[in-house]
Amino acid sequence: MIILLGRLIYLLIWTFLVWNLFAPYPAPANFIANIALAAFVITHGLQAWLLSATLTRQERAQDRFRVLRLFLFGIFEVLSWKKTKNQQ
């Protein structure tokens with residue numbers, strides 16, 4: 001439940017930040033949203049890059065959207081993987 005709620009919050013944050021690119025917010029909020037979007041892209045991009053560097057070809061073939069989900073949801077996707085591994 002917490003993981004699902006976290007994913008929903010991350011989607012709302014991404015929507016808020018990307019929306020600023022199409023319809024800019026007023027002056028101070030625009031600047032802050034651009035900085036936050038850059039921080040999100042850098043941190044989540046690094047997470048996705050590190051994950052893709054550790055995956056084998058077979059793991060990449062099994063789940064092609066794993067890196068994309070990690071980029072979008074960050075730590076909540078990692079918690080989801082940990083939860084499913086513990087259930088197995």
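Predicted model: local features only at pLDDT ≥ 70, side-chain atom pairs only at ≥ 80, totals over all residues.
1. Local features need pLDDT of at least 70 and side-chain atom pairs count only at pLDDT 80 or more, while totals for chains, interfaces and linings use all residues. Residues are numbered from 1 along each chain as its sequence is written, and side-chain values use heavy atoms, with hydrogens and water left out.

2. Helix α2 covers residues 27-54; helices are DSSP runs of H or I with at least four residues, numbered from the N terminus. The 28 residues of α2 should span 40 Å at 1.5 Å a residue, and the 41 Å between its end C-alpha atoms agrees with this. The expected span is 1.5 Å times one less than the number of residues.

3. Buried residues of α2 are Ala 33, Leu 37, Phe 40, His 44, Ala 48 and Leu 51 (buried: under 20% relative accessible area; exposed: over 50%; partly exposed: in between; 1.4 Å probe, protein chains only). They pack against α1 (2-22), α4 (66-73) and α5 (75-87).

4. His 44 counts as buried because its relative accessibility is 4%. Leaving aside residues up to four places away in sequence, His 44 touches Tyr 10, Trp 14, Leu 70, Phe 71, Leu 72, Phe 73 and Gly 74 (contact: heavy atoms within 4.5 Å). The His 44 side chain also reaches the backbone oxygen of Phe 71, at 2.6 Å.

5. Ile 9 lies in helix α1 and, at 41% relative accessibility, counts as partly exposed.

Key
Helix = DSSP H or I, 4+ residues; strand = E, 2+ residues; numbered from the N terminus. Polar contact = N/O pair within 3.5 Å; in protein donor to acceptor, adjacent residues only side chain to side chain.
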